[in-house]
Amino acid sequence: MRVRKALTTSRIPTALVATSLALALAACGGGGDDGEKKDKAGGSDAARTVDLPKLDGQTLEFAAVWTGTEQENFKKVLAEFEKRTGATVKFVPAQDPIINFLGSKIAGGAPPDVAMLPQVGAIHQAVEKGWAKPLGEEAKAQLAKNYSQGWQDLGSHEGKQYGVYYKAANKSLIWYNAQVFENAGASEPKSWDELLTTAQAVYDSGVTPFSVGGADGWTLTDWFENVYLSQAGPEKYDQLAKHEIKWTDPSVKEALTTLAQVWGKADYVAGGADGALQTEFPASVTQTFTKGDQPKAAMVYEGDFVQVNIGETDAKVGTDAKVFPFPAVGDSAPVVSGGDAAVILEDSKASQALATFLASPDAAGIQAKLGGYLSPNKAVDASAYPNDVQRKMAQALIEAGDDFRFDMSDQAPQAFGGTPGKGEWKILQDFLKNPKDVEGAQEKLEAAAAKAYGN
(Lines give C-alpha, C1' and ligand atoms only; values in the text may rest on other atoms or scores of the structure.)
Protein backbone atom coordinates (compact mmCIF):
# COMPACT_ATOMS: atom_id res chain seq x y z
CA MET A 1 0.00 0.00 0.00
CA ARG A 2 1.10 3.61 -0.49
CA VAL A 3 1.78 5.50 2.71
CA ARG A 4 1.39 9.28 2.51
CA LYS A 5 4.14 11.64 3.51
CA ALA A 6 3.93 13.01 7.03
CA LEU A 7 3.05 16.68 7.34
CA THR A 8 6.20 18.68 6.70
CA THR A 9 7.17 21.20 9.32
CA SER A 10 10.47 22.71 10.37
CA ARG A 11 12.25 22.19 13.66
CA ILE A 12 11.42 25.77 14.72
CA PRO A 13 7.59 25.56 14.45
CA THR A 14 7.64 22.22 16.24
CA ALA A 15 9.55 23.81 19.11
CA LEU A 16 7.11 26.70 19.20
CA VAL A 17 4.17 24.31 19.44
CA ALA A 18 5.89 22.46 22.27
CA THR A 19 6.50 25.75 24.06
CA SER A 20 2.85 26.70 23.56
CA LEU A 21 1.75 23.40 25.06
CA ALA A 22 4.12 23.75 28.00
CA LEU A 23 2.80 27.23 28.77
CA ALA A 24 -0.77 26.04 28.42
CA LEU A 25 -0.30 23.18 30.84
CA ALA A 26 1.62 25.33 33.27
CA ALA A 27 -1.28 27.78 33.27
CA CYS A 28 -3.65 25.03 34.37
CA GLY A 29 -1.50 23.05 36.76
CA GLY A 30 -3.75 23.96 39.67
CA GLY A 31 -7.31 22.93 40.28
CA GLY A 32 -9.61 22.66 37.28
CA ASP A 33 -13.27 23.60 37.31
CA ASP A 34 -14.56 20.16 36.39
CA GLY A 35 -18.12 21.03 37.24
CA GLU A 36 -18.28 23.80 34.68
CA LYS A 37 -20.08 22.48 31.61
CA LYS A 38 -21.06 25.22 29.23
CA ASP A 39 -23.22 24.48 26.23
CA LYS A 40 -21.85 26.76 23.53
CA ALA A 41 -20.40 24.23 21.12
CA GLY A 42 -22.87 21.43 20.72
CA GLY A 43 -25.56 19.25 22.25
CA SER A 44 -29.31 19.28 22.09
CA ASP A 45 -29.64 22.72 23.66
CA ALA A 46 -26.88 24.37 21.63
CA ALA A 47 -27.16 26.38 18.44
CA ARG A 48 -27.17 24.20 15.34
CA THR A 49 -24.56 25.11 12.77
CA VAL A 50 -25.33 22.47 10.15
CA ASP A 51 -28.57 21.43 8.45
CA LEU A 52 -29.26 17.71 8.28
CA PRO A 53 -31.83 15.90 6.13
CA LYS A 54 -34.84 14.01 7.43
CA LEU A 55 -33.98 10.31 7.45
CA ASP A 56 -37.02 8.78 9.14
CA GLY A 57 -36.96 4.98 9.01
CA GLN A 58 -33.37 4.72 7.80
CA THR A 59 -30.86 2.61 9.72
CA LEU A 60 -27.08 2.93 9.86
CA GLU A 61 -24.32 0.83 11.36
CA PHE A 62 -21.26 2.58 12.75
CA ALA A 63 -18.14 0.56 13.61
CA ALA A 64 -15.26 1.58 15.89
CA VAL A 65 -12.81 -0.07 18.29
CA TRP A 66 -13.87 2.24 21.13
CA THR A 67 -14.95 0.59 24.37
CA GLY A 68 -16.06 1.61 27.85
CA THR A 69 -16.54 5.29 28.61
CA GLU A 70 -15.23 6.37 25.23
CA GLN A 71 -17.89 4.30 23.46
CA GLU A 72 -20.66 5.49 25.78
CA ASN A 73 -19.72 9.12 25.24
CA PHE A 74 -19.72 8.72 21.48
CA LYS A 75 -23.14 7.07 21.61
CA LYS A 76 -24.46 10.38 22.97
CA VAL A 77 -23.24 12.02 19.77
CA LEU A 78 -25.03 9.38 17.69
CA ALA A 79 -28.18 9.93 19.78
CA GLU A 80 -28.18 13.61 18.83
CA PHE A 81 -27.86 12.67 15.15
CA GLU A 82 -30.81 10.30 15.55
CA LYS A 83 -32.86 13.03 17.23
CA ARG A 84 -32.19 15.54 14.48
CA THR A 85 -32.68 13.21 11.49
CA GLY A 86 -35.03 10.44 12.58
CA ALA A 87 -32.48 7.82 11.56
CA THR A 88 -31.41 4.92 13.77
CA VAL A 89 -27.67 4.32 14.28
CA LYS A 90 -26.36 1.05 15.70
CA PHE A 91 -22.87 1.10 17.20
CA VAL A 92 -20.91 -2.00 16.15
CA PRO A 93 -17.92 -2.80 18.41
CA ALA A 94 -14.90 -3.64 16.25
CA GLN A 95 -11.64 -5.38 17.05
CA ASP A 96 -8.07 -4.39 16.28
CA PRO A 97 -6.84 -4.36 13.63
CA ILE A 98 -10.03 -2.79 12.33
CA ILE A 99 -9.04 -3.34 8.70
CA ASN A 100 -9.17 -7.10 9.27
CA PHE A 101 -12.50 -6.74 11.09
CA LEU A 102 -13.95 -4.72 8.20
CA GLY A 103 -12.54 -7.18 5.67
CA SER A 104 -14.45 -10.03 7.29
CA LYS A 105 -17.65 -7.96 7.37
CA ILE A 106 -17.29 -7.00 3.72
CA ALA A 107 -16.50 -10.58 2.71
CA GLY A 108 -19.68 -11.63 4.51
CA GLY A 109 -21.72 -9.04 2.63
CA ALA A 110 -22.55 -7.00 5.73
CA PRO A 111 -20.18 -4.03 6.01
CA PRO A 112 -21.01 -1.20 8.42
CA ASP A 113 -22.11 2.02 6.75
CA VAL A 114 -19.44 4.13 8.44
CA ALA A 115 -16.29 3.13 10.33
CA MET A 116 -13.87 5.06 12.52
CA LEU A 117 -10.31 4.30 11.40
CA PRO A 118 -7.48 5.01 13.87
CA GLN A 119 -4.60 4.96 11.36
CA VAL A 120 -3.79 7.03 8.29
CA GLY A 121 -2.47 3.86 6.71
CA ALA A 122 -5.82 2.17 7.30
CA ILE A 123 -7.61 4.93 5.37
CA HIS A 124 -5.34 4.43 2.37
CA GLN A 125 -5.73 0.68 2.59
CA ALA A 126 -9.53 1.00 2.68
CA VAL A 127 -9.44 3.24 -0.41
CA GLU A 128 -7.08 0.98 -2.33
CA LYS A 129 -9.26 -2.04 -1.58
CA GLY A 130 -12.25 -0.16 -2.99
CA TRP A 131 -14.04 -0.12 0.37
CA ALA A 132 -14.01 3.59 1.21
CA LYS A 133 -16.32 6.01 -0.59
CA PRO A 134 -15.51 9.69 -1.24
CA LEU A 135 -17.17 12.32 0.91
CA GLY A 136 -19.98 14.36 -0.58
CA GLU A 137 -20.06 18.12 -1.05
CA GLU A 138 -21.78 18.84 2.28
CA ALA A 139 -19.18 16.96 4.31
CA LYS A 140 -16.32 18.51 2.35
CA ALA A 141 -17.78 21.96 2.93
CA GLN A 142 -17.78 21.33 6.68
CA LEU A 143 -14.16 20.17 6.54
CA ALA A 144 -13.06 23.22 4.55
CA LYS A 145 -14.85 25.49 7.01
CA ASN A 146 -13.80 23.86 10.26
CA TYR A 147 -10.43 22.13 9.76
CA SER A 148 -6.86 23.17 9.02
CA GLN A 149 -5.43 21.93 5.75
CA GLY A 150 -3.20 19.42 7.54
CA TRP A 151 -6.12 17.56 9.08
CA GLN A 152 -7.93 17.57 5.74
CA ASP A 153 -4.85 16.16 4.02
CA LEU A 154 -4.60 13.31 6.53
CA GLY A 155 -8.07 12.17 5.47
CA SER A 156 -7.42 12.39 1.74
CA HIS A 157 -6.03 9.96 -0.81
CA GLU A 158 -4.77 10.90 -4.27
CA GLY A 159 -6.63 14.20 -4.23
CA LYS A 160 -9.98 12.91 -2.98
CA GLN A 161 -11.40 13.37 0.50
CA TYR A 162 -12.39 10.20 2.34
CA GLY A 163 -11.90 10.78 6.06
CA VAL A 164 -13.37 13.11 8.67
CA TYR A 165 -10.94 13.42 11.57
CA TYR A 166 -13.47 13.51 14.36
CA LYS A 167 -11.09 12.92 17.24
CA ALA A 168 -7.51 14.03 17.82
CA ALA A 169 -5.01 13.13 20.49
CA ASN A 170 -2.09 14.97 21.98
CA LYS A 171 0.32 12.08 22.54
CA SER A 172 3.11 14.07 24.15
CA LEU A 173 2.00 14.14 27.78
CA ILE A 174 3.07 12.54 31.06
CA TRP A 175 0.47 12.37 33.84
CA TYR A 176 1.51 12.17 37.46
CA ASN A 177 0.14 11.59 40.93
CA ALA A 178 0.48 15.01 42.59
CA GLN A 179 0.59 13.61 46.14
CA VAL A 180 3.45 11.27 45.27
CA PHE A 181 5.43 14.12 43.72
CA GLU A 182 4.82 16.27 46.78
CA ASN A 183 5.92 13.49 49.13
CA ALA A 184 9.07 12.93 47.07
CA GLY A 185 9.87 16.63 46.72
CA ALA A 186 9.81 16.07 42.95
CA SER A 187 9.14 18.74 40.33
CA GLU A 188 7.92 18.65 36.74
CA PRO A 189 10.87 17.93 34.42
CA LYS A 190 11.54 19.77 31.18
CA SER A 191 14.33 17.56 29.82
CA TRP A 192 14.97 13.81 29.65
CA ASP A 193 17.80 14.09 32.17
CA GLU A 194 15.47 15.93 34.54
CA LEU A 195 12.86 13.20 34.02
CA LEU A 196 15.39 10.60 35.14
CA THR A 197 16.27 12.74 38.17
CA THR A 198 12.58 13.07 39.03
CA ALA A 199 12.12 9.31 38.62
CA GLN A 200 14.98 8.65 41.04
CA ALA A 201 13.50 11.03 43.61
CA VAL A 202 10.18 9.21 43.37
CA TYR A 203 11.92 5.85 43.64
CA ASP A 204 13.86 6.98 46.71
CA SER A 205 10.54 7.98 48.33
CA GLY A 206 9.34 4.38 48.03
CA VAL A 207 7.11 4.56 44.93
CA THR A 208 7.78 2.98 41.53
CA PRO A 209 8.31 5.82 39.02
CA PHE A 210 6.46 4.59 35.90
CA SER A 211 3.35 2.65 34.97
CA VAL A 212 3.54 1.16 31.46
CA GLY A 213 0.61 -0.44 29.63
CA GLY A 214 2.82 -2.91 27.79
CA ALA A 215 0.03 -5.38 27.05
CA ASP A 216 -1.08 -2.86 24.40
CA GLY A 217 1.79 -2.52 21.94
CA TRP A 218 0.64 0.87 20.68
CA THR A 219 1.60 2.53 23.97
CA LEU A 220 5.20 1.42 23.39
CA THR A 221 5.27 2.82 19.86
CA ASP A 222 4.12 6.14 21.32
CA TRP A 223 6.99 6.12 23.81
CA PHE A 224 9.44 5.50 20.96
CA GLU A 225 7.99 8.18 18.69
CA ASN A 226 8.28 10.94 21.28
CA VAL A 227 11.88 10.07 22.07
CA TYR A 228 12.75 9.70 18.38
CA LEU A 229 11.09 12.94 17.23
CA SER A 230 12.79 15.01 19.90
CA GLN A 231 16.17 13.31 19.56
CA ALA A 232 16.47 12.70 15.80
CA GLY A 233 14.40 15.68 14.64
CA PRO A 234 11.36 16.05 12.36
CA GLU A 235 13.19 15.38 9.07
CA LYS A 236 14.46 11.99 10.23
CA TYR A 237 11.03 11.29 11.73
CA ASP A 238 9.40 11.84 8.34
CA GLN A 239 11.97 9.64 6.63
CA LEU A 240 11.52 6.76 9.07
CA ALA A 241 7.72 7.10 8.85
CA LYS A 242 7.97 6.51 5.08
CA HIS A 243 10.72 3.88 5.45
CA GLU A 244 13.11 6.06 3.47
CA ILE A 245 15.73 5.23 6.09
CA LYS A 246 16.10 1.82 7.70
CA TRP A 247 15.29 0.89 11.27
CA THR A 248 18.94 -0.13 11.56
CA ASP A 249 19.86 3.56 11.24
CA PRO A 250 22.02 4.94 14.10
CA SER A 251 19.22 7.37 15.03
CA VAL A 252 16.97 4.41 15.90
CA LYS A 253 19.75 2.86 17.97
CA GLU A 254 20.10 6.10 19.91
CA ALA A 255 16.35 6.31 20.61
CA LEU A 256 16.09 2.69 21.77
CA THR A 257 19.16 3.12 23.96
CA THR A 258 17.52 6.19 25.51
CA LEU A 259 14.26 4.30 26.13
CA ALA A 260 16.24 1.57 27.85
CA GLN A 261 17.22 4.11 30.50
CA VAL A 262 13.64 3.82 31.76
CA TRP A 263 12.50 0.40 30.55
CA GLY A 264 15.74 -1.31 31.58
CA LYS A 265 16.18 0.35 34.96
CA ALA A 266 15.54 -2.08 37.78
CA ASP A 267 12.30 -1.31 39.65
CA TYR A 268 11.49 1.76 37.53
CA VAL A 269 8.46 0.11 35.87
CA ALA A 270 5.50 -1.11 37.92
CA GLY A 271 5.52 -4.90 38.05
CA GLY A 272 8.76 -5.03 36.11
CA ALA A 273 8.76 -5.95 32.43
CA ASP A 274 6.60 -9.05 32.99
CA GLY A 275 4.03 -7.04 34.94
CA ALA A 276 3.98 -4.25 32.39
CA LEU A 277 3.42 -6.73 29.56
CA GLN A 278 0.32 -7.98 31.38
CA THR A 279 -0.99 -4.47 32.07
CA GLU A 280 -3.46 -3.06 29.58
CA PHE A 281 -3.56 0.67 28.98
CA PRO A 282 -6.64 1.48 31.17
CA ALA A 283 -5.10 -0.33 34.14
CA SER A 284 -1.79 1.46 33.62
CA VAL A 285 -3.68 4.70 34.31
CA THR A 286 -5.93 3.66 37.15
CA GLN A 287 -3.10 2.02 39.12
CA THR A 288 -1.25 5.35 39.04
CA PHE A 289 -4.16 7.16 40.70
CA THR A 290 -5.37 4.68 43.27
CA LYS A 291 -6.54 6.20 46.54
CA GLY A 292 -3.89 6.93 49.15
CA ASP A 293 -0.22 7.77 49.09
CA GLN A 294 1.04 4.43 47.78
CA PRO A 295 -0.20 3.85 44.24
CA LYS A 296 1.62 1.31 42.08
CA ALA A 297 3.39 4.09 40.18
CA ALA A 298 3.88 7.85 40.17
CA MET A 299 3.71 8.59 36.44
CA VAL A 300 2.03 7.22 33.35
CA TYR A 301 2.82 8.35 29.82
CA GLU A 302 0.02 8.73 27.28
CA GLY A 303 -2.23 11.24 25.56
CA ASP A 304 -4.97 13.60 26.66
CA PHE A 305 -7.47 10.70 26.57
CA VAL A 306 -5.94 9.44 29.84
CA GLN A 307 -8.52 11.69 31.53
CA VAL A 308 -11.27 9.20 30.71
CA ASN A 309 -9.50 6.53 32.75
CA ILE A 310 -8.59 8.92 35.56
CA GLY A 311 -12.33 9.55 35.79
CA GLU A 312 -12.75 5.93 36.88
CA THR A 313 -10.74 6.69 40.04
CA ASP A 314 -11.27 9.13 42.90
CA ALA A 315 -8.54 11.40 41.55
CA LYS A 316 -9.47 14.82 40.19
CA VAL A 317 -7.74 16.15 37.09
CA GLY A 318 -5.85 19.35 37.86
CA THR A 319 -5.42 18.65 41.57
CA ASP A 320 -4.76 14.96 42.30
CA ALA A 321 -3.80 14.13 38.71
CA LYS A 322 -1.56 16.63 36.95
CA VAL A 323 0.25 16.62 33.64
CA PHE A 324 3.38 17.96 31.97
CA PRO A 325 4.61 17.87 28.35
CA PHE A 326 6.84 14.96 27.32
CA PRO A 327 10.32 16.30 28.15
CA ALA A 328 12.83 17.33 25.50
CA VAL A 329 15.23 14.52 24.70
CA GLY A 330 17.05 16.54 22.05
CA ASP A 331 16.86 20.18 20.98
CA SER A 332 13.11 20.58 21.56
CA ALA A 333 10.20 18.80 23.17
CA PRO A 334 8.18 16.52 20.87
CA VAL A 335 4.64 17.17 19.64
CA VAL A 336 3.07 13.93 18.41
CA SER A 337 -0.59 13.75 17.50
CA GLY A 338 -2.94 10.92 16.64
CA GLY A 339 -6.53 10.76 15.56
CA ASP A 340 -9.57 8.79 14.45
CA ALA A 341 -11.28 9.42 11.12
CA ALA A 342 -14.81 8.50 10.06
CA VAL A 343 -14.87 6.81 6.64
CA ILE A 344 -17.96 5.88 4.59
CA LEU A 345 -18.12 2.25 3.42
CA GLU A 346 -21.73 2.16 2.23
CA ASP A 347 -22.60 5.33 0.35
CA SER A 348 -26.07 6.70 1.03
CA LYS A 349 -27.85 9.91 1.93
CA ALA A 350 -27.81 8.80 5.57
CA SER A 351 -24.11 7.89 5.74
CA GLN A 352 -23.14 11.15 4.03
CA ALA A 353 -25.31 13.05 6.51
CA LEU A 354 -23.57 11.34 9.42
CA ALA A 355 -20.14 12.22 8.00
CA THR A 356 -21.31 15.83 7.58
CA PHE A 357 -22.54 15.91 11.17
CA LEU A 358 -19.25 14.51 12.49
CA ALA A 359 -17.35 17.22 10.58
CA SER A 360 -19.40 19.93 12.30
CA PRO A 361 -18.83 21.55 15.70
CA ASP A 362 -22.32 20.36 16.67
CA ALA A 363 -21.10 16.76 17.04
CA ALA A 364 -17.67 17.49 18.50
CA GLY A 365 -19.13 19.90 21.06
CA ILE A 366 -21.25 17.15 22.59
CA GLN A 367 -18.30 14.86 23.29
CA ALA A 368 -16.01 17.73 24.28
CA LYS A 369 -18.22 18.43 27.31
CA LEU A 370 -17.89 14.83 28.48
CA GLY A 371 -14.10 14.92 28.89
CA GLY A 372 -11.27 12.69 27.67
CA TYR A 373 -11.63 14.02 24.14
CA LEU A 374 -10.00 16.57 21.85
CA SER A 375 -11.34 17.73 18.52
CA PRO A 376 -9.22 19.02 15.63
CA ASN A 377 -12.31 21.01 14.62
CA LYS A 378 -11.31 24.65 15.07
CA ALA A 379 -14.94 25.79 15.29
CA VAL A 380 -15.48 24.02 18.64
CA ASP A 381 -15.58 26.66 21.37
CA ALA A 382 -12.93 26.00 24.04
CA SER A 383 -15.58 26.62 26.71
CA ALA A 384 -17.19 23.32 25.69
CA TYR A 385 -14.41 21.40 27.42
CA PRO A 386 -15.13 20.53 31.06
CA ASN A 387 -11.97 21.76 32.80
CA ASP A 388 -8.98 24.05 32.40
CA VAL A 389 -6.58 21.22 31.60
CA GLN A 390 -8.72 20.03 28.70
CA ARG A 391 -9.40 23.56 27.44
CA LYS A 392 -5.72 24.47 27.36
CA MET A 393 -4.80 21.27 25.54
CA ALA A 394 -7.55 21.87 22.99
CA GLN A 395 -6.39 25.44 22.42
CA ALA A 396 -2.79 24.29 21.99
CA LEU A 397 -3.88 21.70 19.43
CA ILE A 398 -5.85 24.23 17.37
CA GLU A 399 -3.15 26.90 17.61
CA ALA A 400 -0.61 24.36 16.33
CA GLY A 401 -2.34 24.43 12.93
CA ASP A 402 -0.31 22.11 10.73
CA ASP A 403 2.83 22.25 12.88
CA PHE A 404 2.79 18.78 14.41
CA ARG A 405 3.83 15.24 13.60
CA PHE A 406 1.22 12.52 13.23
CA ASP A 407 1.72 9.23 15.04
CA MET A 408 4.38 7.33 13.07
CA SER A 409 2.98 3.83 13.55
CA ASP A 410 -0.44 5.08 12.43
CA GLN A 411 1.12 6.18 9.14
CA ALA A 412 2.67 2.77 8.57
CA PRO A 413 1.08 -0.20 6.81
CA GLN A 414 -1.28 -1.94 9.21
CA ALA A 415 0.82 -5.11 9.25
CA PHE A 416 3.78 -3.20 10.68
CA GLY A 417 2.33 -0.39 12.77
CA GLY A 418 -1.14 -1.47 13.83
CA THR A 419 -1.53 -5.20 14.45
CA PRO A 420 -1.49 -6.77 17.93
CA GLY A 421 1.15 -9.45 18.28
CA LYS A 422 2.95 -8.49 15.09
CA GLY A 423 5.33 -5.94 13.62
CA GLU A 424 6.39 -2.93 15.65
CA TRP A 425 3.92 -3.62 18.47
CA LYS A 426 5.30 -7.10 19.16
CA ILE A 427 8.96 -6.18 18.64
CA LEU A 428 8.78 -3.29 21.10
CA GLN A 429 7.06 -5.57 23.60
CA ASP A 430 10.00 -7.94 23.23
CA PHE A 431 12.35 -4.99 23.65
CA LEU A 432 10.58 -3.92 26.85
CA LYS A 433 11.33 -7.40 28.20
CA ASN A 434 14.96 -7.29 27.04
CA PRO A 435 16.03 -3.65 26.56
CA LYS A 436 19.70 -4.61 26.35
CA ASP A 437 19.18 -6.12 22.88
CA VAL A 438 19.10 -2.85 20.93
CA GLU A 439 20.67 -4.19 17.75
CA GLY A 440 18.46 -7.28 17.77
CA ALA A 441 15.38 -5.10 18.08
CA GLN A 442 16.58 -2.91 15.21
CA GLU A 443 17.12 -5.89 12.94
CA LYS A 444 13.67 -7.29 13.70
CA LEU A 445 12.03 -3.88 13.17
CA GLU A 446 13.76 -3.44 9.83
CA ALA A 447 12.84 -6.93 8.60
CA ALA A 448 9.17 -6.40 9.54
CA ALA A 449 9.11 -2.89 8.04
CA ALA A 450 10.72 -3.95 4.77
CA LYS A 451 8.14 -6.71 4.37
CA ALA A 452 5.19 -4.45 5.17
CA TYR A 453 6.29 -1.46 3.08
CA GLY A 454 7.49 -3.65 0.21
CA ASN A 455 10.85 -1.89 -0.08
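This is a predicted model: local features need pLDDT of at least 70, side-chain atom pairs count only at pLDDT 80 or more; totals for chains, interfaces and linings use all residues.

Q: How many aromatic pairs turn up in the whole structure?
A: The search finds 28 aromatic pairs. Phenylalanine 81 and phenylalanine 357 form one that is tilted, with 5.7 Å centre to centre and 40 degrees between the planes. This pair links distant parts of the chain, since phenylalanine 81 belongs to helix H2 (residues 68–85) and phenylalanine 357 to helix H15, 276 residues apart.

Q: And how many residues of H15 are buried?
A: Nine of the ten residues in H15 (residues 349–358) are buried, which leaves the helix mostly covered; among them are Leu354, Phe357 and Leu358.

Q: Which residues touch the most other members of the largest nonpolar core?
A: Those are Phe62, Phe74, Phe81, Trp175 and Leu358, in a core of 85 residues. H15 gives the most to this core, with six residues.

Q: What does phenylalanine 62 touch, leaving out residues up to four places away in sequence?
A: Its contacts include Phe74, Val89, Phe91, Met116, Leu354 and Leu358.

Q: Switching to helix H3, what do its buried residues pack against?
A: The buried residues of H3, including Ile98, Phe101 and Leu102, pack against strands S1 (59–64), S2 (88–93) and S3 (114–117), and also against helices H4 (120–128) and H19 (414–417). After H3 comes glycine 109, with a positive phi near 75 degrees.

Q: Last one: where does lysine 265 lie?
A: Lysine 265 lies over the face of tyrosine 268, at 5.5 Å from the ring centre.

Conventions
Residues are numbered from 1 along each chain as its sequence is written. Side-chain values use heavy atoms; hydrogens and water are left out. Buried means under 20% relative accessible area, exposed over 50%, partly exposed in between (1.4 Å probe, protein chains only). Helices (H or I, at least four residues) and strands (E, at least two) are DSSP runs, numbered from the N terminus. A nonpolar core is a set of buried Ala, Val, Leu, Ile, Met, Phe, Trp, Tyr and Cys residues joined through side-chain atoms within 4.5 Å. Contact means heavy atoms within 4.5 Å. Rings of Phe, Tyr and Trp (its six-membered ring) pair if their centres lie within 6.5 Å; planes under 30 degrees apart count as stacked, over 60 as edge-to-face and the rest as tilted. A charge sits over a ring if NZ of Lys or CZ of Arg is within 6 Å of the ring centre and within 35 degrees of the ring normal.
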